[in-house]
Amino acid sequence: MSLVGAKVLRKEDPRLLSGTGTFVDDLSPPRCAFAAFVTSTEAHAEIVSIDARAALKIPGVLGVWTAADFADHPDLPGGLPDLERPALARNIVRFAGEPVAVVVADDRYLAADAVAAVDVQYRDLPVVTTIEAATADDAPVLFANHGSNVVTVVPTMDDLERQISRCDDRASLHLVNQRCAAVPIEAVACLADWGADGLTLWATFQAPHHLRNYLATWLDIPQTQCRVVAPDVGGGFGSKIVWYPEFFLAPLLSKWTRRPVKFAQTRTEAMMQMAHGRDQVHDLDIGFDRDGTIRALRVVISQNLGAYPDPTGVGLAVLTSWMAAGCYRIPDVSTSFRTVVTNTTPVAAYRGAGRPEAAYSIERMIDLVARRTGLDPAEVRRRNFIKPGAFPYETHNEPVVYDSGDFPAALDECLRLVRYDERRAEQAARADDPDAPLLGIGLSSWLEIAGFGPNGSLEGFGHLASWESAQVRIQPDGSAIVFAGSSPHGQGHETTFAQIASDELGIPFDRIQLRFGDTATVLQGVGTMGSRGVPTAGSAVKVASSRVLEKAKKVAAHLLEAAEADLEVRDNAFNVRGSPGKKVGWGEVAWASFQPLSLPPELQAGSLEERLFQESPNFSYPSGAYACVVEIDRATGAIDIVDMVLVDDCGTVINPLLAEGQVHGGVAQGIAQALFEAVVYEPDSGQPITANLLDYLVPSAPDMPGYTAGRITTLCPNNPLGAKGIGESGAVGAPAAVVNAIVDALAPFGVEHVDMPVTPEKVWRLLHDATAPERSHR
Amino acid sequence: MTDDAPARPTSPTPARLVDVASTVNGRETRHRLDARTLLVHLIREHERLTGTHIGCDTSNCGACTVLLDGEAIKSCTVLAVQADGHEITTVEGLAGPYDGFTAVQEGFRQCHGLQCGYCTPGMVMAATGLLAVNSDPSEQEIRASLEGNICRCTGYQMIVDSVRWAAEHGSDQPNTTG
Ligand code: FES
Ligand code: FES
């Protein structure tokens, strides 16, 4: 029976459910000291003085260090010229929460005391927190040597004004895709232990080899002396693939204090220091004909990068531009963007990284076209979809060639599951009943780019390469170790990759063990991000496993004195087809594979091992159709999601339970962006006013609906598994479905758009500002 | 702003040590602690039971949930001294008929109620606390009772399913192992 496609329970659960997982802060080696950071209270200021004398008097405080103490080391990696970020603020702080000094003490309470006792004097500088403020004529400049707050500008060759104005009609929207925080429930933590044999850094990170590569260079030590371990990691969502200063400073602190040094961020620190996501502003113009056919689309993007351009942050708008047209055949598409620094926390990847922004905008525009033409939103989608036979489909951007999909089928399945016609009838029936809550139905036919694997695709973000690695090793008893270059933080690699390997090798699932997350045991890896785990690493596991099986068959054939071609693997043994009972167990084959006297001449001892760097010819393009049904209380503006239907196409599904879990989690984050979450700054001071979980509204169980999941499958032709990836899907597809539903409910009041997060207050104001319900368009 | 800021303390109050005697997972323990030590740190740093996690500093996330005399509480919001003379049960203290797991733990495994697993011990303890007072909660009751626990990975539906599974398979009271 094939395990790929089966609902297998997870290997990682027993340790996580018994409290015996190992997260970074759970580690506590003997003599472990604790680091804590003095962080800037100001969003933009000169540092006048740092007085650590009082802190140093506290018994148990080992030292206080400032930027000057790290002058021998470069700025953090990946920065742009003149815009680099120092590991500790040097002379100037550029966002509230930026680390200014670091203390090390015997325990975390003393470290906190010491932080409180360090006196930093600032001279305030004027603050900008928004793109608008940062690009104003007289805006204060964050980086004097750069001379402007605008970092990159990618103009368009043709703004399509001619094409748009030739259409029957046109519409435009100014959309804010607000800043969000990833909020993995485990914040950043690290433990550095630099002893005589070199450095080991345990870190909450999505790509340990990536960190090792840059950390060794930064410290100027050989990679052989620099081991990075990502043990159990408590969620990431993109925010744990950022060069946080703590990872670079903790090793030196360990070296200097000659003790292991641990750091564990508080949530308040995390809200100000972990990279944020989104924060794009879009100006959209669309030209269409009366029959709903879209002819031209112009997308102008502004990206708030926060205080220091992150290598991924700078690339977000590229991905948004690439995916701007979604799953529609639009003859003319024009994209342009600029990226801007402000006195806010740096912005980098957050689940979807640039694609949720694209999907949200195009899906809002489609609904606007429906509104203006009087057509049903489902019909406008259908009329403009790329046809199922049109793949591979070349888009307005050369690197972007959609691999496969069936957008009409996904939408049809979604409409069926949400009982679309029935819901529309109910909506119409309620229209004249002032006592009934308003009903709104929102659709989102989304598409994203994933499976970051084609050569060159990750190098641009500073990665070593874009392949992913797997190494499959057979033990002498016929059990198998699979080393994966991609290390997880909740995705369930131990289970899904073992399913893949088990199918290929014919070795039982329980006899396969995954290893990852440790640069000392996994030769090379790239990392887990961009929905690439299964398409790249999963494919590597598949191919490496099948190559090991080929060699194992040679051993088995030799032992059985049979032809390789006659062998089939069944029940953990190599059976000779047509000769019942003639077989040799995997264990015997494995044992023999280490004994030169038992091997055919072409094999050497230990050959049942294969290491592979799996390249991909192209990206993958997960897609789907989501529907959201909301009820809105006319008196309070309260929004209730009564139905959330999720039809995904992620190509091959390895484990439907885990795939659905990924969708749920992503959708929850998407709903949260639509309804609850926003990182907010006080504009004049740059003070964050959402820097804890009281003020930043991460939803809990009663805030979230149940989900109805459906599926269609078109295979990805670009990897051996046919998998497209699913980690980001929900976060890409959900926001538009929710906001489209709300705007649909408010249509009788003339509402055409409302920015996220759509709070009851915003809805209430819209309801009250509208003089009287207009006649419904449908 | 910095000019008129209140003066920072130049030296902290010297630590006041207190003795805390409590029962943790059925075992009597005694620690001499800095009086300001939080219960979660007693559990994690002094008892070295690291299944209880910390996810926030405002009592919002519930990652630190344990049972205090059988009732689910947030151990980051309680001083260790407040547990003096009381019984604490952490996730490590759960034991039940499902290969050693309680129905709640097994429910989470069966229904994929966890991904990264960081919120999980807190969720499991909160659900255990719920089932101790309501052995057959509805979906709405489950959601309401988990209001103080945040999970960023699962989107909650599978957590709700997990707790329902536990309710249907016997809401065993936690046995504490010693
Ligand atoms: S750590 Fe206790 S509620 Fe968050
Ligand atoms: S499983 Fe990751 S936070 Fe809940």
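Biologist: Where is the place of B:Asp99 in chain B?

Modeller: This is a predicted model. Phi of B:Asp99 is near 55°, a positive value in a residue other than glycine. B:Asp99 sits in the loop between strand 5 (87–89) and helix 2 (103–110) of chain B.

Biologist: Is B:Asp99 buried or exposed?

Modeller: Exposed means over 50% relative accessible area. B:Asp99 has 82%, so the residue counts as exposed.

Biologist: Is B:Asn25 buried or exposed?

Modeller: B:Asn25 has a positive phi too, near 50°, and is not glycine. Its place is the loop between strand 1 (17–24) and strand 2 (27–34) of chain B. Buried means under 20% relative accessible area. B:Asn25 has 6%, so the residue counts as buried.

Biologist: In which loop does A:Pro392 of the cis peptide bond lie?

Modeller: The cis bond joins A:Phe391 and A:Pro392, with omega about -5°. A:Pro392 falls in the loop between helix 11 (377–384) and strand 16 (393–394) of chain A.

Biologist: What is omega for the cis peptide bond from A:Met756 to A:Pro757?

Modeller: A:Pro757 lies in the loop between helix 18 (729–745) and helix 19 (760–769) of chain A. The bond leading from A:Met756 to A:Pro757 is cis, and its omega is near -10°.

Biologist: What separates the centres of domain 1 and domain 2 of chain B?

Modeller: The domain assignment of chain B gives domain 1 (17–92) and domain 2 (94–170). The contact takes 17 residues from domain 1 and 13 residues from domain 2 of chain B. Taken over C-alpha atoms, the separation of the two centres is 21 Å.

Biologist: What area is buried between domain 1 and domain 2 of chain B?

Modeller: Interface size is often given as the accessible area lost when the parts come together. On the domain 1 side of chain B, B:His53, B:Thr65 and B:Val91 lose the most area to domain 2, together 38% of what that side buries. Carbon and sulfur atoms give 59% of the area between the two domains, which is about 1,200 Å².

Biologist: How many residue pairs are in polar contact across the interface of domain 1 and domain 2 of chain B?

Modeller: The count of salt bridges between these domains is zero. For polar contacts, both residues need pLDDT 80 or more, and the rule finds eight residue pairs.

Biologist: Which strand gives the largest share of the side of domain 1 of chain B that touches domain 2?

Modeller: That side divides into seven nonpolar, eight polar and two charged residues. Strand 3 (65–68) and strand 4 (71–74) of chain B are the elements that give two or more residues to that side. The largest share, three residues, comes from strand 3 of chain B.

Technical notes. Residues are numbered from 1 along each chain as its sequence is written. Chains are lettered from A and ligands numbered from 1 in the order in which they are written. This is a predicted model: local features need pLDDT of at least 70, side-chain atom pairs count only at pLDDT 80 or more; totals for chains, interfaces and linings use all residues. Side-chain values use heavy atoms; hydrogens and water are left out. Helices (H or I, at least four residues) and strands (E, at least two) are DSSP runs, numbered from the N terminus. Buried means under 20% relative accessible area, exposed over 50%, partly exposed in between (1.4 Å probe, protein chains only). Domain bounds come from an automatic or database domain assignment. Contact means heavy atoms within 4.5 Å. Buried area is the accessible area (1.4 Å probe) that two parts lose on being put together, summed over both. A salt bridge is a side-chain nitrogen of Lys or Arg within 4 Å of a carboxyl oxygen of Asp or Glu. A polar contact is a pair of N or O atoms within 3.5 Å; within protein, one must be able to donate a hydrogen and the other to accept it, and residues adjacent in sequence count only if both atoms are side-chain atoms. Ala, Val, Leu, Ile, Met, Phe, Trp, Tyr, Cys and Pro count as nonpolar, Asp, Glu, Lys and Arg as charged, and the others, Gly among them, as polar.
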